[in-house]
Amino acid sequence: KTGETLEALDDKTYTLDDTMTVVCDDSGVIGLGGVMGGEPTGCTDGTTDVYIECAYFDPMRTARTGRALSINSDARYRFERGVDPAFTVEGMEIATALVLELCGGEASEVVTAGAPTTWQRNIDFNPSRPKELLGVDIDTKKQKQILEALGFEVKDGKDKWSIQPPSWRGDVEGQADIVEEVGRINGYDLIPTTSLPKLDTQHKTSIETETFRKGRLARATLSTLGYRECVTWSFMNEKLADLFGANQNQDKNSLQLLNAISTEMSQMRPSILPNLIEAAQKNSARGKLNGRLFEVGPIFQSSKADGFRVSASGLVYGEVQSKHWTEDTKERKSDMYDAKRDILNALEATGCPVGNLQVTRDAPDYYHPGRSGALRLGPNVIGYFGEIHPAILQEVDTDLAMSGFEFFMDALPVSKKKGTGRTPLQLSSFQSVKRDFAFIVDNDVEADALIRAAKSADKKLIQDAEIFDVYSGKGVEEGKKSLALSVTLQPEEATLTDSEIEGISKKIIDAVSAKTKGQLRA
């Protein structure tokens, strides 16, 4: 009855309901059928009288009871998978004989309760089915011999057999199951290798989803950048999950596993980066002190059906060596710019308009607050990059420099172009022109804001703009800074004249002044 309780053998008290099978006597509930016995009727060192119960419990009801109460027991494991319903009497006799042999004593009479479950069933079987399903022509006499040796009762006719599986084979339900039995005894090695038939139907559109396509492109790009792909568990220990913002907007208990493999894998992962950090630590313990790792897979935000998203995450750890001729070739610690470069390359491969991305400072807390950023398209967050927070590196006990990134497939804009190929490269036959500017702006003005303001002066003619110097100090008043900007002009129709260059330069100065209040440095 609903509300009854049981003090079980695991020293826990469980509240039961009317969907659960119980074993009881005049004192009340003394055991959960097929799941666990009760403490009052458990055996101790002083036990002299033993009551042997040999029963058959319904698999589905047993499974639901164990799941509802979060009990994992040997009894549940066996009964929810189905035991032999015809073996109860024989099993009781064997158990009784063992007790008498090992402990002595005297056995009482047998008491029977309930009616045996009906397990007999007949399956119509066509002996030509092995040929149809396996591609192997097995002689009918051999088929019958195999089935009878396995305990099946076979009544053969001309084109149809009536087969009754044995009581211990509750998993055999149809013709395909019988074909499997015949095939495995006959030998899987006798099944010929045959190519699948060619289908006449053709897909006019791609059958891969947008998320899968973008994940494939991200994998290919990161691999070419020197990253090694990892396949890690989708869960981790609770402490590490909390460090990486587990369920910041949800009940964190909603992602805890009820039946965790171990305490180190007790919660679904909120980010892939912790798994990559652990992999980097294991690599460093084996002498691999630097490298690049990535994974594309799910991360979890809630226990709801749609509470997950697919993330592409990467980690650069240890020291890296610059390959650019203008930089020092000595090894240096990896930093946020390594992560930023690689996430932009991966995003560009997926079709994301990288040139329109905005960089803001609101990266999650597990990134270094001054050396990280968020990538946005308007209000939509595409991903994050930056150095891992020093406090987290200290918490996981590593001295390695680590920078990471992550972006989310569902946040990427859907491509409006048909097909997956890139647009043809179009190069202008006219000489490009570069002009440098230095603007005095307030300290709180972002470099990205200055770049966008400059580009807005003429979106068709201005091909690129980038900051190449930041200065504050002598010659610049307090609370201000100097940002040096290089702008590339690329004409498409004719070579630019001096007056046209001066005109666009004035537009750039005016646009920067209007949007950032920046003044051209004298």
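**Strands, sheet and helices**

This is a predicted model. Strand 3 (residues 22–25) pairs with strand 4 (residues 28–32) in the antiparallel sense, over 4 bridges. A hairpin of 2 residues links strand 3 to strand 4. Within this pairing, V22 has L32 of strand 4 as its bridge partner.

How many strands does the open sheet have, and in what order? It has 3 strands, ordered 6-8-7, and the pairing is antiparallel. Strand 6 (123–125) and strand 7 (153–156) are the edge strands, and each of them pairs on one side only. Neighbouring strands in this sheet are turned against each other by 25 degrees on average, with direction ignored.

Look at strand 6 beside strand 8 (residues 161–164). The two pair in the antiparallel sense over 3 bridges. D124 stands opposite S162 of strand 8.

Which strands does helix 5 touch? Helix 5 (residues 140–149) packs on the sheet and touches strand 6, strand 7 and strand 8. The direction of helix 5 makes about 15 degrees with that of strand 8. Helix 6 (residues 175–186) also packs on the sheet, touching strand 6 and strand 8. The direction of helix 6 makes about 65 degrees with that of strand 6.

The axes of helix 7 (residues 210–224) and helix 10 (residues 336–349) come within 8 Å, crossing at roughly 140 degrees. That angle makes helix 7 oblique to helix 10. The crossing of helix 7 past helix 10 is right-handed. Which residues make the contact? Helix 7 contributes L217, T221 and L222, while helix 10 contributes D342, N345, A346 and A349. By type, the contact residues of helix 7 with helix 10 are 4 nonpolar, 2 polar and 1 charged.

Across the whole structure, a search finds 25 salt bridges.

Terms used: Residues numbered from 1 in each chain as written. Predicted model: local features only at pLDDT ≥ 70, side-chain atom pairs only at ≥ 80, totals over all residues. Heavy atoms only, no water. Axes fitted to C-alpha atoms, helices over the stretch in contact; angles between N-to-C directions. Parallel < 35°, antiparallel > 145°, perpendicular 65-115°, else oblique. Left-handed = near helix turned anticlockwise from the far one by under 90°. Contact = heavy atoms within 4.5 Å. Nonpolar A, V, L, I, M, F, W, Y, C, P; charged D, E, K, R; others polar. Pairing = 2+ DSSP bridges. Salt bridge = Lys/Arg side-chain N within 4 Å of Asp/Glu carboxyl O.
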